[in-house]
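Here's a quick briefing to read with the model open in your viewer. Take it topic by topic and click along as you go.

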Amino acid sequence: MADGSAPAATIRLPGPLRERAGRRASVPARGDTVRALILDLDQQFPGMRFQLCEETGNLRPFVNIFLEDENVRDLQGLDTPVPDGGTVHILLSVAGGSPAWLEKRVN
Amino acid sequence: MAARRKYPKGTVMLSIGTKRGLFLLTSKDRRTWKAEGPSMVGYRVYHATLDLRNGPRLYAAANNDFFGSGVRYSDDFGRTWKEPETGIAFAEGSGLSLKNIWIIEPGRPSELETVYCGVDPAALFVSHDRGQTWAMNQGLENHHTRRRWEPGAGGLCLHSIVTHPDNPRRMWVAISAVGVMRTDDGGTTWKFCNTGTRADFLPDKYPEFGQCVHRLLIHPTQHDVLYQQNHCSTYVSDNSGDSWAEIRNNLPSDFGFPMAMDPHDPDTLYTIVENPEGRTNVTDQFTVYRTQNAGRRWERLTKGLPKGPMVRLGVLRHGMSTDSRDPCGVYVGTNTGQLFGSRDRGDSWRLIADFLPSIYSVTATVL
């Protein structure tokens with residue numbers, strides 16, 4: 001876990017990420033920004049950061065993170081401050097179907 | 001140790017990588033098939049291979065639309081999967097991020113713990129502990145032309161890895177759309193091996209690199225002989241890739257993805273060429289092409305394969321495989337979910353499975 005004095009938040013996980021977190025839908029994490037929360041999650045559940053962020057550090061394009069009901073992309077991205085007691089939702093973006101660009105990449 | 005399923009000796013196992021997970025099919029007689037799976041249903045499995053060198057370990061290239069890509073391996077034929085302790089990833093600060101894993105290739109018989117992996121953006125990763133930890137080959141990544149490499153329509157993918165069976169310092173990789181590269185010093189340095197292969201889509205038709213190679217194979221006994229199916233024709237090299245000669249001959253198209261070989265008669269090759277615009281069969285007859293004289297002449301194999309104005313099937317680069325039984329079996333998976341098989345070297349075919357998700361890869365292994 002991160003610095004015990006850092007704000008504590010509740011992280012709500014989507015189904016595909018729960019296996020890595022002991023099949024829990026919700027886990028605690030500490031950090032004063034979304035980025036710090038992700039680092040703490042990765043310490044608790046190794047590999048979690050890679051699933052949320054590309055190696056460049058950017059959030060994966062089809063992963064959305066909401067602080068309460070605000071998409072952090074509309075706030076300060078991964079640098080969005082997280083208040084003590086906040087709730088962070090990790091969600092899959094609505095990217096269903098078979099986008100043409102994806103089909104093309106396979107060929 | 002994981003509990004293992006038992007299969008009779010001689011069972012043929014087909015590992016079918018699809019857009020929605022991995023299917024395993026097994027058969028003792030190659031007439032009736034038993035299906036297992038799918039596993040990893042949330043993943044686009046571009047390739048899967050069963051490595052028998054050190055006890056059966058099944059590797060899968062697991063690509064997820066949301067949460068990234070990774071190698072997964074199973075010691076119980078897909079019942080449970082593990083992920084590496086140190087997975088495949090680019091260095092932070094490199095500016096690169098992993099898009100897809102394209103191929104996982106077991107190493108030489110002399111290096112039982114070694115496994116190779118090719119990815120997009122083009123890079124070669126190596127594991128010396130059966131897939132538990134991976135490291136990038138720096139020689140390829142730091143090649144002086146690396147910044148000038150351009151992707152093909154499928155991405156900048158390293159999709160074929162060929163090791164020299166006897167020379168541990170020599171291997172080849174194939175990258176779209178860069179071409180074939182070879183190392184003779186164990187991966188420290190790499191040179192292009194594209195002389196004689198065309199790049200019709202570039203102003204210079206015969207550049208040093210920029211060719212869109214689609215699949216690369218090595219002759220199992222004459223290790224200086226390589227074959228490739230390319231965006232722009234079909235080729236053979238008899239000098240380890242230093243130069244290539246065209247063997248399209250009577251094939252009806254330059255364009256094709258897959259290629260496979262009869263392991264008992266390496267002059268027998270199989271390919272499927274397509275209409276380059278539609279990327280499906282050239283005529284109304286879905287056809288596998290076979291040569292029995294190293295490409296001097298190609299036969300049309302159609303017995304048991306579908307025909308008609310509504311038949312338009314495409315086969316991707318890893319969508320064809322042969323088994324090691326004699327006569328060899330040949331297997332073809334389409335990107336519309338049909339799996340065809342032949343138990344007589346391609347003379348006749350049967351539909352093994354239909355309605356699968358889009359098939360990306362077919363790998364046959366005799367247990």
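Two strands pair if DSSP finds at least two bridges between them. The strands themselves (E, at least two residues) and the helices (H or I, at least four) are DSSP runs, numbered from the N terminus. A bit of housekeeping: this is a predicted model, where local features need pLDDT of at least 70, side-chain atom pairs count only at pLDDT 80 or more, and totals for chains, interfaces and linings use all residues. Residues are numbered from 1 along each chain as its sequence is written, chains are lettered from A and ligands numbered from 1 in the order in which they are written, and side-chain values use heavy atoms, with hydrogens and water left out.

**A strand pair in chain B**
- Strand β19(B) (residues 256–261) and strand β20(B) (residues 269–273) run antiparallel, joined by four bridges.
- One of the residues involved is M261(B), whose bridge partner in β20(B) is L269(B).
- β19(B) is mostly covered, with six of its six residues buried; buried means under 20% relative accessible area, exposed over 50%, and partly exposed in between (1.4 Å probe, protein chains only).

**Where chain B meets chain A**
- Chain B puts 30 residues into the contact and chain A puts in 25, with contact meaning heavy atoms within 4.5 Å.
- The two chains bury about 2,200 Å² between them, and carbon and sulfur atoms give 53% of that. Buried area here is the accessible area (1.4 Å probe) that two parts lose on being put together, summed over both.
- On the chain B side, F66(B), F67(B) and E92(B) lose the most area to chain A, together 34% of what that side buries.
- Two salt bridges turn up across the interface, a salt bridge being a side-chain nitrogen of Lys or Arg within 4 Å of a carboxyl oxygen of Asp or Glu.
- R20(A) forms a salt bridge with E83(B), and their closest N and O atoms are 2.9 Å apart.
- By class, the side of chain B that touches chain A has 13 nonpolar, eight polar and nine charged residues. In this scheme Ala, Val, Leu, Ile, Met, Phe, Trp, Tyr, Cys and Pro are nonpolar, Asp, Glu, Lys and Arg are charged, and the others, Gly among them, are polar.

**Two buried loop residues in chain B**
- G319(B) sits in the loop between β22 (298–301) and β23 (320–322) of chain B, and counts as buried because its relative accessibility is 0%.
- Leaving out residues up to four places away in sequence, G319(B) touches Y331(B), V332(B), G333(B), Y360(B), S361(B) and V362(B).
- T145(B) is in the loop between α1 (138–141) and β11 (157–163) of chain B, and at 1% relative accessibility T145(B) counts as buried too.
- F209(B) is 64 residues away from T145(B) in sequence but 9.1 Å away in space, C-alpha to C-alpha.

**Chain A on its own**
- Chain A has four helices and five strands, in the order β-α-β-α-α-β-β-β-α from the N terminus.
- Of its 107 residues, 39% are buried.
- In helix α2(A) (residues 34–44), the buried residues are V34(A), A36(A), L37(A), I38(A), D40(A) and L41(A).
- Their cover includes β1 (8–12), β2 (26–30), α3 (48–52), β3 (63–67) and β5 (86–92) of chain A.
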